[in-house]
Amino acid sequence: MEHDDDLDCNPTDNPTLTAIASVSRRQVLQGALGAAAVAFIGGPKQLLAQAASRFSFASVPASQEDRVLLPEGYTHQVVHAWGDPISGGRAWDPWAAQTAADQAEQVGMHHDGLYFFPLPLGSGSSTRGLLAVNHEYTSEGLLHQTGIDPLSADKVLKSQAAHGVSIVEIALSGDRWEVVRPSSLARRLTGYSPMRLAGPAAGHPLVRTSSDPGGTVVRGTLNNCAMGATPWGTYLTCEENFNQYFGSGPASAAQTAGQRRYGLPSAASSRRWEEHDGRFHAGREPNEFNRFGWVVEIDPYDPSSTPVKHTALGRFAHEGATVTLARDGRVVAYMGDDAQNEYVYKFVTRDAYNPANRAANFALFDAGTLYAARFNADGTGEWRELAQGVNGLDAAAGFASQAEVVIYARLAADRAGATKMDRPEWVAVHPQTREVYVTMTNNTTRGTALNTVDAANPRANNVFGHIVRWTETGGDPAATTFRWNIFALAGDRTNSDAAKRGNIRGDSYGSPDGLWIDDRGILWIQTDISTGSLNTGDYANIGNNMMLAADPATGETRRFLTGPRGCEVTGVHTTPDGRSMFVSIQHPGEPGSGDNSSASPAAISNWPDGPGINRPRSATIVIRRTDGGVIGG
Ligand code: FEO
Ligand code: CA
Ligand code: CA
């Protein structure tokens with residue numbers, strides 16, 4: 001998306017480490033890929049020719065075409081696009097004339113993170129399941145037939161209804177996936193669906209509002225970006241840039257430290273919900289702001305269940321929550337806070353996962369320990385505990401309770417000495433090596449006085465981003481120390497500026513965002529180059545946003561998919577057999593600045609419906625091999 005809400009809100013001088021140890025480019029490269037990678041910088045073709053490729057497909061060239069391109073032998077179809085009915089609702093209207101009530105029964109806008117849950121629960125089916133998809137945000141110029149003006153209460157409601165999550169039943173019929181309609185399991189969660197607040201912040205005065213004086217029930221989930229999935233078959237949807245939904249807050253000088261640190265807007269919001277829904281008027285209802293920015297757990301198998309906002313995992317611009325198990329069975333969630341100079345976090349549950357009793361796991365995320373990561377210059381790392389009474393988090397510092405620690409997790413991590421990173425996005429855990437990978441999408445404020453270059457964020461004006469990885473001590477995700485290095489510095493190997501060439505062993509890319517490692521250990525990397533940067537300036541040779549496959553062992557990287565014009569490629573998962581891969585194509589046709597024009601919404605793209613159609617639509621596609629084989633192998 002256009003990340004005007006990912007800007008720096010971190011005024012601290014938390015470590016950027018050059019003051020402690022200066023790190024040479026050579027050290028960084030050795031940390032990233034070892035001596036072979038350093039050699040590779042001088043002779044890419046030679047080195048690649050020596051190593052047997054992990055992949056059986058040929059790279060897709062960079063593309064500026066308005067379509068999805070895949071390697072030879074692969075095919076794709078749309079599973080569902082914005083406005084399609086999830087079950088028995090109104091069909092897609094190409095003029096976007098659907099009402100708020102229609103939209104609440106249709107797939108939401110701007111598809112993002114996703115997950116395939118086999119049906120029935122526990123079956124491991126690769127032919128029938130529930131597809132959960134996040135809808136990150138809305139473009140008002142596309143959403144409403146006449147654009148945002150004149151704004152009405154119904155338009156605000158429709159915008160809220162196009163947010164949230166879609167859970168849709170799908171089945172493989174021959175070689176095509178179809179949405180099952182009607183389905184008793186299909187469900188929409190929107191910007192106004194009731195959700196329960198749980199964990200340390202539930203009921204705290206900072207989350208009480210005029211419509212919820214007890215501070216335990218929130219309406220809606222917003223800006224649902226990436227995700228996680230638990231071993232007990234629930235979906236975690238993560239609230240990222242929630243501040244953009246609030247308007248008319250106090251002037252910055254009159255705000256609390258917590259409001260400023262989370263970027264509470266003083267001006268009107270671009271969607272202007274606050275004009276018709278007082279919850280979003282931050283001057284009148286300031287605590288509503290504290291009820292977003294959480295990880296939300298949804299049971300996709302029970303459409304009557306109430307989603308839970310687990311406040312123990314901390315409040316920030318949550319990209320995702322990648323779940324793995326500690327050696328003793330406790331549950332660990334890795335999380336990025338996607339804004340410039342923010343932190344990487346993890347949460348370790350107090351209690352262990354119970355494979356024999358599904359319901360017993362639903363409260364696991366309500367008790368445990370939250371940590372923020374410190375990346376030391378010598379390749380070691382520490383998880384700094386964010387617990388009241390620890391690491392300076394006491395009443396005198398503004399943390400009188402754990403509720404305040406989690407509501408103001410950014411402030412707590414500042415104080416605990418976490419390392420400011422280049423916009424932490426998705427996290428992936430390698431199923432065999434247990435290495436953990438996290439994308440740093442980019443950070444043009446790196447290299448300033450407050451955000452000096454450091455070992456883990458080694459490039460000033462980091463326009464291309466990089467991927468950091470670490471190994472927990474003892475290979476145990478519950479460990480409090482780790483060793484880290486840099487997997488890849490993204491870039492364009494033809495850039496005239498050596499620092500922008502990166503060290504990718506294979507195809508050029510930038511702004512890595514989506515990240516997932518499949519069962520065989522293939523690292524799937526998705527890019528979110530902002531639409532203002534696509535195919536221009538440093539990104540002139542990079543093409544449209546894409547997905548690549550990388551070999552974690554060798555660094556070999558091949559472009560697997562290119563998306564249509566103006567889109568972001570985000571969200572990836574396969575069926576258990578690895579033969580159907582789901583990927584979201586978000587905001588095709590988004591202009592380089594501002595919203596789509598309601599007068600000519602298809603000016604840039606008419607994907608996926610094609611010529612003669614008047615507006616592009618975000619969608620989830622499914623990729624198959626024409627020979628029915630496993631994707632990417
Ligand atoms: Fe929603 Fe950080 O991408
Ligand atoms: Ca993202
Ligand atoms: Ca992004």
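**Note on cysteines, calcium and salt bridges**

1. The sulfur of Cys9 lies 17 Å from the closest cysteine sulfur, which belongs to Cys225, and that is too far for a bond. Keep in mind that this is a predicted model. A disulfide needs two cysteine sulfur atoms within 2.5 Å. Cys9 is partly exposed, at 23% relative accessibility.

2. Where does the sulfur of Cys567 find its closest cysteine sulfur? Again the partner is in Cys225, here at 14 Å, so the gap is too far for a bond. Cys567 is buried, at 0% relative accessibility. Over the whole structure, the count of disulfides is zero.

3. Now place Cys225 and Glu319 in the chain. Cys225 sits in strand β9 (residues 224–229). Glu319 sits in the loop between β12 (308–310) and β13 (322–325). They are 94 residues apart, so the pair links distant parts of the chain. Are these two residues buried or exposed? Cys225 is buried, with a relative accessible area of 3%. Glu319 is buried too, at 0% relative accessibility.

4. Which residue coordinates both the calcium ion (ligand 2) and the calcium ion (ligand 3)? Asp513 does, and the two ions are 3.8 Å apart.

5. Turn to charged side chains. How many salt bridges does a search of the whole structure find? The search finds 34. One of them joins Asp93 and Arg90, at 3.1 Å from N to O. Asp93 is buried, with a relative accessible area of 14%. Arg90 is partly exposed, at 35% relative accessibility.

6. Arg279 and Glu288 form another salt bridge, with their closest N and O atoms 3.1 Å apart. Both residues are buried.

7. Glu556 counts as buried, at 8% relative accessibility.

Technical notes. Residues numbered from 1 in each chain as written. Chains lettered and ligands numbered in written order. Predicted model: local features only at pLDDT ≥ 70, side-chain atom pairs only at ≥ 80, totals over all residues. Heavy atoms only, no water. Buried < 20%, exposed > 50% of the residue type's maximum accessible area, 1.4 Å probe, protein only. Donors = N, O, S within 2.8 Å, 3.2 Å for Na, K, Ca; no water. Helix = DSSP H or I, 4+ residues; strand = E, 2+ residues; numbered from the N terminus. Salt bridge = Lys/Arg side-chain N within 4 Å of Asp/Glu carboxyl O.
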